[in-house]
Amino acid sequence: MTVTAPEITDVPFLSTPQEALAAADALSAELADGSAERERSGASLLPQLRRVAESGLLGIVVPAEHGGPGLPAATKVDVLRRLSRGDGAVGQLLLSHFVIGQAISGLGRQEPANRIYADILAGAQLGNASAERGTATALDRRVTVAKRDDGSWVLNGTKYYATGALGATWIAVAAVIADRAGETATVFVRPDQDGVTLALDKWSAFGQRGTASGEVRLADVVVDGDLVVEEGAAPDPVDGPPSVLGAYDQALHAAVDIGIARAALEDGAAFVHTTSRPWKEAVLAGVSRADEEPHVVRRFGELTARLYALEALLAAGTAVVDRGLAEDELSRDTAAEASLKIAAAKALAQEYAVEIASGIFELTGTSGTDSAVNLDRHWRNVRTHSLHDPARWKYVHLGNHTLRGTRPPRLGLVL
């Protein structure tokens with residue numbers, strides 16, 4: 001199974017939010033064409049990932065100090081939302097690229113930031129190998145990295161849910177440092193290195209099939225010292241330094257769900273407009289088209305209002321993320337506000353996006369369930385991706401803040 005993308009040349013430089021969003025819209029329309037058939041047949045998304053790289057959109061994560069455009073977080077989140085409208089699996093495949101691209105900005109001019117940002121500007125994609133199966137909690141890690149006498153490191157273990165490894169030039173691996181209790185590191189490897197095996201076809205979920213979020217196996221992988229970012233012990237969830245990286249990560253996850261919801265709503269409306277028949281009582285009342293039936297019109301209005309609410313809440317939350325990134329010293333209040341507003345967007349997306357993707361079938365009628373149309377992929381995709389982290393705890397944090405002003409804990413990239 002080929003999982004790495006060929007080298008890209010002559011990548012355009014998108015220097016403004018307007019250029020990035022226009023490129024995302026054009027590419028989204030291209031991705032939407034054929035997405036139903038690709039999902040049904042299980043076709044590889046490597047050609048689509050190549051188109052993203054050729055568009056220059058991967059480069060928008062690069063900060064100005066590394067020669068990139070330094071675009072706002074809000075722009076990057078909206079780009080991912082628009083791409084996810086075209087193909088939700090492509091959107092999720094690129095999510096880790098946007099997160100890791102932001103995370104390494106904290107390294108400044110240190111390695112591996114210089115090397116990786118240069119590769120991104122040339123069309124490189126970043127992938128993820130963080131989560132594992134079989135651990136006591138989702139935050140636990142058994143993959144280890146050990147330092148050798150010559151300054152290099154050796155990496156061992158197995159990762160799962162490796163979304164974005166498909167087509168990646170670099171894969172960021174979360175590991176614990178051997179013989180250092182509680183200390184972690186992020187290790188950058190290439191998928192074609194000795195000892196790296198991608199078993200991405202082990203992904204068998206009923207949705208987001210195209211992400212190929214299977215296994216990354218690491219057997220005595222030797223890594224240069226400048227590709228290992230030592231992170232020390234995890235920060236205290238209450239007293240640790242404030243950060244908006246988690247809110248940004250969650251905004252990107254919400255963007256995938258919301259993008260899929262828009263695709264479901266628009267595709268459902270197109271089906272009703274072109275194919276569905278009016279119900280018997282509507283015909284008796286003089287209605288000749290399904291898209292003129294009052295109850296259908298009203299329900300599409302309700303679903304549209306939910307979508308608008310999700311998009312507006314996501315935009316409001318990402319504006320706070322950008323405010324936090326602009327502060328000379330990030331305040332705990334700003335970090336908390338960003339986390340809470342994005343948590344609200346993410347939690348409501350788990351409800352409304354799923355409702356939208358399911359609700360269209362009440363309106364299309366039985367013909368909308370035909371496998372040849374594959375409208376159900378939207379529901380399967382958003383239902384699968386929305387399970388990334390539970391909404392129930394987001395509501396608890398929101399409630400605690402409203403009742404007592406309690407700031408949410410800092411729990412890595414999940415809140």
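This briefing covers one protein model: its core, its strands and its salt bridges.

The model is predicted: local features need pLDDT of at least 70, side-chain atom pairs count only at pLDDT 80 or more, and totals for chains, interfaces and linings use all residues. Residues are numbered from 1 along each chain as its sequence is written, and side-chain values use heavy atoms, with hydrogens and water left out. Helices (H or I, at least four residues) and strands (E, at least two) are DSSP runs, numbered from the N terminus.

**Annotated domain**

- An unreviewed UniProt entry annotates residues 23-123 as "domain: Acyl-CoA dehydrogenase/oxidase N-terminal".
- UniProt positions are given in the numbering used here, feature names are shortened, and annotations may be inferred rather than shown by experiment.
- In the model, the span 23-123 is 65% helix and 0% strand. Its end C-alpha atoms lie 15 Å apart.

**The nonpolar core**

- A nonpolar core is a set of buried Ala, Val, Leu, Ile, Met, Phe, Trp, Tyr and Cys residues joined through side-chain atoms within 4.5 Å.
- Buried means under 20% relative accessible area, exposed means over 50%, and partly exposed lies in between (1.4 Å probe, protein chains only).
- The largest nonpolar core has 102 residues. L57 and L155 touch the most other members.
- Helix α7 gives the most to this core, with 13 residues.

**A254 in helix α7**

- Helix α7 spans residues 245-274 and includes A254.
- A254 counts as buried because its relative accessibility is 0%.
- Contact means heavy atoms within 4.5 Å. Beyond its neighbours within four places in sequence, A254 is in contact with L314 and K346.
- A254 and S386 are 132 residues apart in sequence, and their C-alpha atoms are 8.1 Å apart in space.

- Two strands pair if DSSP finds at least two bridges between them.
- Strand β2 (residues 144-147) pairs with strand β3 (residues 153-159) in the antiparallel sense, over four bridges.
- In this pairing, V145 stands opposite L155 in β3.
- β2 and β3 form a hairpin with five residues between them. In the turn, G151 has a positive phi of about 95°.
- β3 also pairs with strand β7 (residues 215-223), in the antiparallel sense over six bridges. Here K159 stands opposite V216 in β7.
- Leaving aside neighbours within four places in sequence, the contacts of L155 include V143, V173, V187 and L218.

**Salt bridges**

- A salt bridge is a side-chain nitrogen of Lys or Arg within 4 Å of a carboxyl oxygen of Asp or Glu. The whole structure has 34 of them.
- R85 forms a salt bridge with E266, and the closest N and O atoms are 2.7 Å apart. R85 lies in helix α4 (residues 73-86) and E266 in helix α7, so the pair ties together parts that are 181 residues apart in sequence.
- R85 is buried at 17% relative accessible area, whereas E266 is partly exposed at 32%.
- R85 and E266 also belong to a network of salt bridges, whose members include D25, D78, R262 and R377.
- R180 and E230 meet in a salt bridge at 2.6 Å, N to O. R180 lies in the loop between β4 (170-177) and β5 (183-189) and E230 in strand β8 (residues 228-233), so the pair ties together parts that are 50 residues apart in sequence.
- K341 and E337 meet in a salt bridge at 3.3 Å, N to O. Both lie in helix α10 (residues 332-364), four residues apart, about one turn of the helix.
- K341 is partly exposed at 33% relative accessibility, and E337 is partly exposed at 26%.
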